[in-house]
Structure formats: C-alpha cells, structure tokens
Amino acid sequence: MEEILKNQTVDYDGKEYLVFEVASLKEPDQYGKTHTAYISKKVAAPKGGKARKNKA
C-alpha cells in the first residue's frame, strides 16, 4: 500500500490525492459483483504545460 501511495498520488493545491475510478461491469462477475474499482495511472503532463484539446 505504501508503494502505491508513493507512486500514484498527485499533488493539487498543496494536497496529495489518490485518484481512482469505480466502474460498473457489463455483467456480474463469477462472484455476483456488479462494479469494480481501480487506480488511475499517473501520467506526466505534456511538455509546455498545456492540456490537449478534444476534437469536437
């Protein structure tokens, strides 16, 4: 757990956060679970500090 917190936390306004997502499954798994949770991968920001624009 410490390794995950060390490598996956992000800093925002001087506070550290662990970003994770909860998603519903298309079908219940073999144990009857309908949702899953996972840690979002930490990705370095692109050079220049500008966010990508989504094509619309």
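Strand β3 (residues 20-24) is hardly covered: of its five residues, the number that are buried is zero. Buried here means under 20% relative accessible area, exposed means over 50%, and partly exposed lies in between (1.4 Å probe, protein chains only). This is a predicted model, in which local features need pLDDT of at least 70, side-chain atom pairs count only at pLDDT 80 or more, and totals for chains, interfaces and linings use all residues. Residues are numbered from 1 along each chain as its sequence is written, and side-chain values use heavy atoms, with hydrogens and water left out.

**Overall layout**
- Helices (H or I, at least four residues) and strands (E, at least two) are DSSP runs, numbered from the N terminus.

**Confidence**
- The mean pLDDT of the protein chain is 81, and 80% of the residues score at least 70.
- pLDDT is the predictor's confidence in each residue, from 0 to 100.
- Confidence is lowest in helix α1 (residues 2-8), with a mean of 79, and highest in β3, at 93.
- Where pLDDT is low, the predicted coordinates should not be read in detail.

**Surface and contacts**
- Of the 56 residues in the protein chain, 4% are buried.
- The accessible surface is about 5900 Å², and carbon and sulfur atoms hold 54% of it.
- Accessible areas come from the Shrake-Rupley method with a 1.4 Å probe; for residues, only the protein chains shown count as cover.
- Among contacts with a separation of 6 or more, 19% link residues 24 or more positions apart.
- Contact means heavy atoms within 4.5 Å.

**Strand pairing**
- Two strands pair if DSSP finds at least two bridges between them.
- β1 (residues 9-12) and β2 (residues 15-18) run antiparallel, joined by four bridges.
- Tyr-12 has Lys-15 in β2 as its bridge partner.
- β1 and β2 form a hairpin with two residues between them, and Asp-13 in the turn has a positive phi of about 55°.
- β3 and β4 (residues 35-39) also run antiparallel, with five bridges.
- Val-22 has Ala-37 in β4 as its bridge partner.

**Val-19**
- Val-19 sits in the loop between β2 and β3.
- Val-19 counts as partly exposed because its relative accessibility is 39%.
- Beyond its neighbours within four places in sequence, Val-19 contacts Val-10, Ile-39 and Ser-40.
- Lys-41 is 22 residues from Val-19 in sequence, and the two are 8.4 Å apart in space, C-alpha to C-alpha.
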